[in-house]
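Please read the following note beside the sequence and the three-dimensional view. It is written for a reader who is new to structural description.

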Amino acid sequence: MRRGSDEDPPDAPDVSDDPDPPRSPVAQRHYNPTEPAELTTAIVFTVADAMDVDPRAVSTQPLYECVDVEAVETALFSTEPVSSRCEPDAIEFGYTAFRIRVQRDGWILVFEPADESSPE
Amino acid sequence: MTGDRDDGEVTAAAGELPDQAVLSPAVIELDHIYEVLSHPRRRYLCYALLEDAVWSLEDLAEAIAAWEHTDGPEAPTDQRRSAVYVSLYHAHVPKLVEEDVLLFDESTETVAPGENAHQVLLALRGISTGLDLREGAGPSSETDAARE
């Protein structure tokens with residue numbers, strides 16, 4: 001009775017021994033690289049959603065100090081024709097207490113750390 | 001000695017190349033100036049520094065959002081200001097701090113010019129003069145600052 005979200009209720013998997021269990025993001029936003037909004041901004045707004053705060057309140061640490069967002073942008077969304085360049089489907093990194101996944105399809109997913117926070 | 005010219009004005013007489021004593025290392029190391037000025041929002045930020053030396057992050061975001069907001073007379077939305085604030089705090093300010101162009105006081109959330117601000121602002125002023133201050137109007141042609 002406590003889930004009031006109108007987002008798709010994720011199938012909460014109760015496997016915890018799986019080394020890489022399927023996770024459900026606590027927040028997600030779509031980033032469109034062809035629009036002027038910056039990837040940094042989109043990531044921080046998604047983190048703000050996850051924390052349920054104003055984006056300006058995400059101020060523990062500048063994202064710049066955790067990850068080279070320009071490199072993420074280039075690796076995932078570069079429009080330059082590539083032949084043999086490494087093309088990851090997604091890039092993940094940690095930011096404060098969260099795990100952030102930026103996907104080539106533009107989805108930014110924010111996960112809570114999988115450990116010990118709320119054993120169910 | 002004829003050194004000690006720190007206003008950046010190289011008044012080369014006919015065909016005379018400035019000797020090495022006149023060229024400061026800063027002129028040779030232009031890479032970080034280009035890097036700093038390569039993003040429109042960082043150029044706005046530097047313009048802001050030309051206007052005022054010290055800014056609160058909040059005011060800076062407000063000013064830059066207003067400058068960027070060219071498609072209507074009404075003020076930019078809070079969402080826009082918020083987006084600018086976030087990109088300043090999480091990307092552009094730390095980058096400029098790393099380049100010693102800005103000092104950022106975390107406790108008061110204010111920015112002030114850093115050690116390299118002078119040369120970056122000088123370059124920006126030169127480019128602006130050459131381009132008649134039309135920021136954002138098409139791809140910036142990297143001309144030498146045109147002087148008559």
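The points below take up the model, its two chains, their contact and some local features.

1. This is a predicted model, in which local features need pLDDT of at least 70 and side-chain atom pairs count only at pLDDT 80 or more, while totals for chains, interfaces and linings use all residues. Residues are numbered from 1 along each chain as its sequence is written, and chains are lettered from A and ligands numbered from 1 in the order in which they are written.

2. Chain A has 2 helices and 4 strands. Helices (H or I, at least four residues) and strands (E, at least two) are DSSP runs, numbered from the N terminus. Along the sequence of chain A the pattern is β-α-α-β-β-β. Of the 120 residues in chain A, 22% are buried. A residue is buried if 20 or more other C-beta atoms lie within 10 Å of its own, exposed if 12 or fewer, and partly exposed in between, with C-beta atoms placed from the backbone.

3. Chain B comprises 6 helices and 3 strands, in the order α-α-α-β-α-α-β-β-α from the N terminus on. Buried residues amount to 25% of the 148 residues of chain B.

4. How many residues does each chain bring to the contact? Chain A gives 14 residues and chain B gives 10 residues. Two residues are in contact if their C-beta atoms, placed from the backbone, lie within 7 Å. On the side of chain A that touches chain B, helix H1 (residues 39-51) of chain A supplies the largest share, 4 residues. That side of chain A holds 8 nonpolar, 3 polar and 3 charged residues. Here Ala, Val, Leu, Ile, Met, Phe, Trp, Tyr, Cys and Pro count as nonpolar, Asp, Glu, Lys and Arg as charged, and the others, Gly among them, as polar.

5. In chain B, 3 strands form an open sheet in the order S1-S3-S2, with antiparallel pairing. Two strands pair if DSSP finds at least two bridges between them. Strand S1 (55-56) and strand S2 (102-105) of chain B are the edge strands, each pairing on one side only. S2(B) is joined by 4 bridges to strand S3 (residues 110-113) of chain B. Asp105(B) has Thr110(B) as its bridge partner in S3(B), and Phe104(B) stands opposite Val111(B) in S3(B).

6. Helix H6 (residues 117-131) of chain B has 15 residues and reaches 21 Å from its first C-alpha to its last, close to the 21 Å expected at 1.5 Å a residue. The expected span is 1.5 Å times one less than the number of residues in the helix. Which residues of H6(B) are buried? They are Ala117(B), Val120(B), Ala123(B), Leu124(B) and Ile127(B). Seen down the axis of H6(B), the buried residues fall within an arc of 135 degrees, so they line one face of the helix. The arc is that of the directions from the helix axis to the C-beta atoms. The cover over the buried residues of H6(B) includes helix H2 (31-37), helix H3 (40-51), S2 and S3 of chain B.

7. Most residues other than glycine have a negative phi. Asp52(A), although not a glycine, has a positive phi of about 60 degrees. Asp52(A) lies in the loop between H1 and helix H2 (69-77) of chain A, and counts as exposed with 9 C-beta neighbours inside 10 Å. Glu109(B) also has a positive phi, near 50 degrees. The loop between S2 and S3 of chain B contains Glu109(B), which is partly exposed, with 18 other C-beta atoms within 10 Å.
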